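This report describes one protein model, element by element. The sequence and structure come first, and the text follows.

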Amino acid sequence: MGNGAAYRMAGEQQEDGAMVFRPRTPAYSPVRSVIALALWLGAIHMNLLLLSASAFFFSIRSAALVVGMQLFLMLAPVKGTNTWGRAVARFICKHAVGYFPITLHIEDYHAFDPKTAYVFGYEPHCAVPLGMWALADPMGFMPLPKMKLLANSASFYTPFMKQIWTWLGMVPVSRENMCYYLGAGYSCTLVPGGLREMLYMDHEHQSEVASIRSRKGFVRIAVQTGSPLVPVFCFGQGHAYNWWRPGSKSLVKLLRAIKAPPAVFWGKFGTPIPFRSPIHVFVGRPIDVTKNDQPTMDEVKLLLHYLFELNKYNLLCHKVKVKVKLNGKG
């Protein structure tokens, strides 16, 4: 497990060999959980509140100080190894997991080699990929000493969010970052479908949608670096928020162009605090790949299809409708 793990989950060996990690009951403290969730998910609301207060209530001098502070936090470099920051990250992980709660299902816990860097393909995105944080380095639930989560680069230009997410072990998603960290021995977790999956969210039909037909880059990088692929699927996070999507296609295109979420979402009382809804994260067996600097498109497509076919058993067991968009078909 990672050094200084925030939360030791109780692992249970299942009859089929899978390992299940469930939060212990004392993990849920309403006050601490709300504080942890506000730190984790409330950065955008905090910035809007500060800007609104600066515009309508603060003096010119105070408003200038607030805006200056936000610009500083936006541009100043952040160290992910900061001692105080890592303590904040452990606090968030410990109390956010017990809130929903998040349960981890690992098909073959002992198949992971601490000396190997893996590529975790997490689906779906939903409003916020909440279950993805169970794979954050401060959680320390897997026998992998170094892990990074890759997220939308726009998040790292948002004051407060940039600091919190960096301390949680996140980095901007890019080919350069992914190759660098895999080469340095870090396992990388990303959501291949990204923000565009918010366009397919569906409360009415209880569907979990993974849109991955054009997301082949992470598979190509895994092959080029010789990093095993790991399928990850999450259930339940689609019920954590209410949302509204604009009907204008032009507006949606604009939001996607600036890397902003193509939907507005909210939780309890209109805040960023999500509704309590059990979340289950399934981690499949690693898929070994043969290192190849120039994989063909057919090889990449085959691996992509195989990666998410491995999760079918888990999906059927939970009797949840799942739509996987591959090769243009739902």
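What covers the buried residues of α6? The cover includes β4, β5, β6 (170-172), β7 and α7 (217-225). Helices (H or I, at least four residues) and strands (E, at least two) are DSSP runs, numbered from the N terminus. Buried means under 20% relative accessible area, exposed over 50%, and partly exposed in between, with a 1.4 Å probe and protein chains only. Contact means heavy atoms within 4.5 Å.

**Basis of the model**

This is a predicted model, in which local features need pLDDT of at least 70 and side-chain atom pairs count only at pLDDT 80 or more, while totals for chains, interfaces and linings use all residues. Residues are numbered from 1 along each chain as its sequence is written, and side-chain values use heavy atoms, with hydrogens and water left out.

The predictor's confidence in each residue is its pLDDT, on a scale from 0 to 100. The chain average is 82, and 78% of the residues score at least 70. Over residues 318-330 the pLDDT stays under 50, and the model has 35 contacts beyond four places in sequence for that stretch. Where pLDDT is low, the predicted coordinates should not be read in detail.

**Overall content**

The chain holds 10 helices and 13 strands. Of its 330 residues, 52% count as buried. Among contacts between residues at least 6 apart in sequence, 77% join residues at least 24 apart.

Helix α6 spans residues 175-183, and its buried residues are Met178, Tyr181 and Leu182. These buried residues fall within an arc of 100° seen down the axis of α6, so they line one face of the helix. The arc is that of the directions from the helix axis to the C-beta atoms. On the face turned away from the buried side, α6 carries the exposed residues Glu176, Tyr180 and Gly183. Just after α6, Gly185 takes a positive phi of about 90°.

Helix α3 (residues 60-75) has 16 residues and reaches 22 Å from its first C-alpha to its last, close to the 22 Å expected at 1.5 Å a residue. The expected span is 1.5 Å times one less than the number of residues. Ala63, Val66, Gln70 and Leu73 are the buried residues of α3. They cover an arc of only 95° around the axis, which puts them on the same side of α3. An α-helix has 3.6 residues a turn, so residues three or four places apart point the same way. The cover over the buried residues of α3 includes α2 (43-56) and α5 (161-167). The face turned away from the buried side of α3 carries the exposed residues Ile60, Arg61, Leu65, Phe72 and Leu75.

**Strand β4**

Strand β4 covers residues 119-123, and five of its five residues are buried.

Two strands count as paired if DSSP finds at least two bridges between them.

| Partner of β4 | Sense | Bridges |
|---|---|---|
| β7 (residues 187-190) | parallel | three bridges |
| β9 (residues 229-235) | parallel | five bridges |

Gly121 has Leu190 as its bridge partner in β7, and Glu123 has Phe233 as its bridge partner in β9.

**Gly131 and the cysteines**

Gly131 lies in the loop between β4 and β5 (147-151). At 0% relative accessibility, Gly131 counts as buried. Leaving aside neighbours within four places in sequence, Gly131 is in contact with Ile102, Tyr122, Cys234, Gln237, Ile279 and Val281. Gly131 and Val97 are 34 residues apart in sequence and 8.7 Å apart in space, C-alpha to C-alpha.

A search of the whole structure finds zero disulfides, a disulfide being a pair of cysteine sulfur atoms within 2.5 Å. For Cys188, the nearest cysteine sulfur is that of Cys179, 9.1 Å away. Cys188 counts as buried because its relative accessibility is 0%. Cys93 lies in helix α4 (residues 83-97) and is buried at 4% relative accessibility. The C-alpha atoms of Cys93 and Trp133, 40 residues apart along the chain, are separated by 7.7 Å.
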